[in-house]
Amino acid sequence: MALKSLVMAALLFSSFSMVLGDEGQKESRVYPLVVSTWPFLEAVRAAWSATENGFAAVDAVVEGCSACEELRCDGTVGPGGSPDENGETTIDALVMDGTTMEVGAVAAMRYVKDGIRAANLVMRHTDHTLLVGEKASAFAISMGLPGPTNLNSPESTDKWIKWKENRCQPNFWRNVLPVNSCGPYHPKNLPSTAVDRKEGTCPGGNLLGTHSSSHIGVHNHDTISMAVIDKIGHIAVGTSTNGATFKIPGRVGDGPIVGSSSYADTEVGACGATGDGDIMMCFLTCYQVVESMRLGMEPMVAAKDAISRIARKYPDFVGAVFSVDKNGIHAGACHGWTFQYSVRSPDMDDVQVFTVYP
């Protein structure tokens with residue numbers, strides 16, 4: 001009877017337990033836990049409800065990101081937002097199981113609105129990691145997701161029309177002619193070095209070239225990136241986005257790139273990112289954050305270190321990350337904008353939003 005009582009007590013306190021670490025110091029383990037970029041409250045609530053009902057971390061991530069897709073969070077997640085240069089909305093999404101290290105992702109997916117569920121189907125039912133374009137759409141529909149569906153909306157179409165009327169400005173082209181028009185474009189002759197010989201400075205003020213995040217903002221270039229620690233301590237992450245507004249057709253950002261938009265390892269922790277994915281994917285930002293925590297960095301230090309590495313190369317960069325270790329300790333870091341991330345844990349009555357300043 002005494003043994004049975006001990007087992008029941010352990011189960012009751014599994015969501016907040018004290019364990020001895022490697023150095024004999026006590027660590028607080030707080031889970032289940034849900035962390036998401038931005039104040040996407042309903043998405044976090046959906047994931048939290050799933051964990052409370054015993055869902056595994058991966059399934060809770062799918063429920064949370066799917067809720068954001070249905071709600072079209074900020075107009076940058078799910079259908080009906082972020083038209084490309086042709087006026088079309090496409091979907092990028094990823095899910096990663098931090099226990100098995102399996103990943104499923106879709107990129108530039110047309111005609112199917114359920115990005116995170118499509119990514120999960122790739123992980124569950126194929127030996128692949130990433131499917132793209134119309135073939136990703138055909139796969140998702142063959143596996144039972146609704147489609148084909150027009151992913152545009154009156155709002156996205158109106159936004160695209162106004163952009164065309166403004167001579168397609170701003171856009172993501174550089175070093176091309178004609179300037180300040182809708183193209184078609186052709187390469188502009190450049191000097192043999194990235195340095196502007198006439199002025200003696202690097203164009204755009206960036207060490208690595210002319211890329212600028214000046215046309216990146218919360219309402220035209222955003223991602224839900226979510227991490228979940230379930231009741232038994234397993235970790236998963238997921239991302240979903242319809243990409244950068246007025247992107248060049250075919251562009252894929254960091255959203256479906258493992259280690260860039262998000263990364264998880266149940267033995268260490270997780271990371272989620274948002275911002276200028278064309279820069280962030282060059283640094284595999286979230287992989288770097290998790291590996292820094294593996295080497296002993298606290299979540300706050302790991303997040304700040306990853307962001308500062310990018311900012312040193314690209315001072316005009318706009319982006320942010322959240323980090324969470326396997327015990328549920330979380331933090332955030334950003335550059336170029338004020339960042340907010342949302343958290344739900346056992347000691348909270350509802351989702352709380354944390355604000356991070358550059």
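Let's begin with Thr223, which UniProt lists for "active site" in an unreviewed entry. Do keep in mind that what you're looking at is a predicted model.

So where does Thr223 sit? You'll find Thr223 in the loop between β8 and β9. Is Thr223 buried or exposed? Its relative accessibility is 5%, and the cut-off for buried is under 20%, so Thr223 counts as buried. Now look at who surrounds Thr223. Leaving out residues up to four places away in sequence, Thr223 touches several threonines, including Thr37, Thr76, Thr239, Thr241 and Thr274. Among its other contacts are Trp38, Phe40, Val77, Ser240 and Ala273.

Okay, let's zoom out to the sheet. If you're new to this, strands of a sheet pair through backbone hydrogen bonds, either parallel or antiparallel. Here we have eight strands in an open sheet, and the pairing is mixed. What order do the strands come in? Reading across, it goes β6-β5-β4-β10-β9-β3-β15-β16. At the edges stand β6, residues 130-132, and β16, residues 352-356. Each of those has a single partner strand, so one side of each has no neighbour in the sheet. And if you average over neighbouring strands of this sheet, ignoring direction, they're turned by 15 degrees against each other.

Let me pick out one pair. Strand β3, residues 33-37, and strand β15, residues 339-344, pair in the antiparallel sense, over four bridges.

Helix α2, residues 41-52, lies across β3, β9, β15 and β16. Its direction runs at about 25 degrees to β9, which spans residues 224-229. Helix α5, residues 133-142, packs on the sheet too, and this one touches β5 and β6. The direction of α5 makes about 120 degrees with that of β5.

Next up, the cysteines. How many disulfides does the structure hold? Three. If you number the bonded cysteines in sequence order, the pairing reads 1-2, 3-4, 5-6.

Pair one joins Cys68 to Cys73, with 2.2 Å from S to S. The torsion about that S-S bond is about -130 degrees, so the disulfide of Cys68 and Cys73 is left-handed. Both Cys68 and Cys73 are buried.

Moving along, Cys168 and Cys182 form a disulfide with their sulfur atoms 1.9 Å apart. With 100 degrees about the S-S bond, this link is right-handed. Cys168 is in the loop between α6 and β7, while Cys182 is in the loop between β7 and β8, so the pair ties together parts that are 14 residues apart in sequence. How exposed are the two ends? Cys168 has 2% relative accessibility and counts as buried, whereas Cys182 has 31% and counts as partly exposed.

That leaves Cys271 and Cys286, joined with an S to S distance of 2.4 Å. There are -60 degrees about the S-S bond here, and the link is left-handed. Cys271 lies in strand β12, residues 269-275, and Cys286 lies in helix α8, residues 285-294, so a strand and a helix get tied together, 15 residues apart in sequence. Cys271 has a relative accessible area of 0%, so it is buried. Cys286 is buried as well, also with a relative accessible area of 0%.

What about Cys65? Cys65 is in no disulfide, and the nearest cysteine sulfur, that of Cys68, is 7.2 Å away. Cys65 counts as buried, at 0% relative accessibility. And Cys334 is buried, with a relative accessible area of 9%.

One last stop, and that's Lys113. Lys113 lies in the loop between β5, residues 103-109, and α4, residues 115-125. Its relative accessible area is 23%, so Lys113 is partly exposed. Which residues does Lys113 contact, leaving aside neighbours within four places in sequence? Those are Glu69, Glu70, Pro79 and Leu151. There's also a polar contact of 3.2 Å between the side chains of Lys113 and Asp114. And Leu145, 32 residues from Lys113 along the chain, has its C-alpha atom 8.7 Å from that of Lys113.

That's the tour, so over to you for questions.

How values were computed. Residues numbered from 1 in each chain as written. Predicted model: local features only at pLDDT ≥ 70, side-chain atom pairs only at ≥ 80, totals over all residues. Heavy atoms only, no water. Disulfide = S-S within 2.5 Å. Buried < 20%, exposed > 50% of the residue type's maximum accessible area, 1.4 Å probe, protein only. Helix = DSSP H or I, 4+ residues; strand = E, 2+ residues; numbered from the N terminus. Contact = heavy atoms within 4.5 Å. Polar contact = N/O pair within 3.5 Å; in protein donor to acceptor, adjacent residues only side chain to side chain. Pairing = 2+ DSSP bridges. Axes fitted to C-alpha atoms, helices over the stretch in contact; angles between N-to-C directions. UniProt positions renumbered as here; feature names shortened; annotations may be inferred.
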